[in-house]
Amino acid sequence: MASTADASAEPAGRGVKRRPWDEAGFRCPYLDTINRMILDFDFEKACSVTGNNFNVYACLVCGKYYQGRGKHTQAYTHALQESHHVFMNLGDGRVYCLPDGYEVVDSSLRDIQDMLNPSFTPEAIMKLDSVPVYARGVDGSDYMPGLIGLNNIKNTDFVNVIVQSLARVPPLRDFFLLPSNYAHVTNSLVIEFGALVRKIWSPHNFKGQVSPHELLQAIMSASGNRFKIGIQADPMDFLAWLLNALHSALGGTRKPGSSIIHKTFQGTVRITTHKAGPDGQVPEEGAEVDTKEMPFLYLTVDVPAAPLFKDALERNIIPQVPLFACLAKFDGETFQEMMNGDRRRYVITRLPKYLIVHIKRFSKNTQTFLEKNPTIVNFPIKNLELGHFTDLSAAQREEGANTKYHLLTSIQHDGTPETGSYRAFVHFPANDGWYELQDLHCNGVHPQLISVSESYIQFYVAAS
């Protein structure tokens, strides 16, 4: 097998003959052979010959990946056989000319290096939600950073909608746009999630979409193949797993605010449980009561069962219900019946800055078949009032705790549980527009169409 050792550069110093490329003004003669139309750094960075994923270089002429650049390596051989001479190290973005082996330093390569590893300054991040940016791909297509399509790599739309939603929650997005915030973390899930968020917001992409392939590989590994390419999964199950996995990987603990995940999404709810009798009887007056405060990263609400009758034209009637009716679960008075006979009441005692609401639409029947409740949930785009579902402390009220929320994102499910698909409606603050994101497609949408839908997961931000 060919050696994968990297050729060391010729030592510079006394007695060493200077080479042409050491002279000021020397320009590599092969830069015009680079083909930006075929460059794609979204997939696993592994050698196309050996399959190894370390010390890998991309041929900037044909786009293929090869290992090493010293003599007898795959990249060196490719340069000799195909007369392709310009290679980029996929680890650090440095460019070399092979087989000569000298490093190419040229400002014309900056766009390729920026696409490989997008970077942001704190000043640029501060403007993301106030100044719209317009970019153009190498094929001439226009796109807006932040409104980037994601490839559906065979039944991975459940990942796409969650990533698109999380990528526009400002504190979470801003944290992952600066790799210095998690430079101490070696977990591949954190690294690849951050890389994809940077690509979604980068103005240096060569096209208006990117592939989540490397993140999907990290997800499969971290979840023990619980979530994988080719098998549709529930985005709510995936979101719950992802938030906890990122929290743990970032060093988070049970202590409130111990990671950016908990700082952003964590609230608390008071659960009052009225214990059932020894044989499961309904709790009577004076029955044992257990009260405790529990943290949450999202709230789950139920929707009323869909009716079984049809209208005069034999069409199934799809009911509509306001979100407030679903949230009544948290009014502190409504009882929820438990399987063991206990009765519970819930009330929110601390609202997070960013609130996730899960509208429970899927359930398994007695034959373990998955069923979907198609009830339309009506909800406001602006000023969702949660004051009726909170019991704030005196200190919180004195601080002027806000109980109104604006919608950031709504994830919708279309079709049947077995063959359906997911799409996300997202708010873009820079131009105050609403967009529908479904895999590679990004289209403007009227907000009135969002508020009457089979919404499944919603992300809200506290009104300022």
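**Note on charges, rings and confidence in a predicted model**

1. R173 lies over the face of W201, at 4.8 Å from the ring centre. A charge counts as over a ring if NZ of Lys or CZ of Arg is within 6 Å of the ring centre and within 35 degrees of the ring normal. R343 does likewise: its charged end sits over the ring of F335, 4.0 Å from the centre.

2. This is a predicted model, where local features need pLDDT of at least 70, side-chain atom pairs count only at pLDDT 80 or more, and totals for chains, interfaces and linings use all residues. Residues are numbered from 1 along each chain as its sequence is written, and side-chain values use heavy atoms, with hydrogens and water left out.

3. How confident is the predictor? The protein averages a pLDDT of 88 (confidence in each residue, from 0 to 100), and 89% of the residues score at least 70. Residues 1-19 stay under 50. They have 22 contacts (heavy atoms within 4.5 Å) beyond four places in sequence. Where pLDDT is low, the predicted coordinates should not be read in detail.

4. The whole structure holds 16 salt bridges. Each is a side-chain nitrogen of Lys or Arg within 4 Å of a carboxyl oxygen of Asp or Glu. R173 takes part here too: D129, R173 and D174 are linked in a network of salt bridges.

5. Look at D42 and K199. Their side chains meet in a salt bridge at 2.9 Å, N to O. D42 is in the segment before β1 and K199 in helix α6 (residues 188-201), 157 residues apart. Helices (H or I, at least four residues) and strands (E, at least two) are DSSP runs, numbered from the N terminus. Is D42 buried or exposed? D42 is buried, at 7% relative accessible area. K199 is buried as well, at 6%. Buried means under 20%, exposed over 50%, partly exposed in between (1.4 Å probe, protein chains only).

6. R423 and D414 also form a salt bridge, at 2.7 Å, N to O. D414 is partly exposed, at 21%.

7. The search finds 16 aromatic pairs. Rings of Phe, Tyr and Trp (its six-membered ring) pair if their centres lie within 6.5 Å; planes under 30 degrees apart are stacked, over 60 edge-to-face, the rest tilted. F227 and W241 have ring centres 5.6 Å apart and planes at 50°, so this pair is tilted. Both residues are buried, F227 at 3% and W241 at 14%. F158, F227, F238 and W241 form one aromatic cluster.

How values were computed:
pLDDT is the predictor's confidence in each residue, from 0 to 100.
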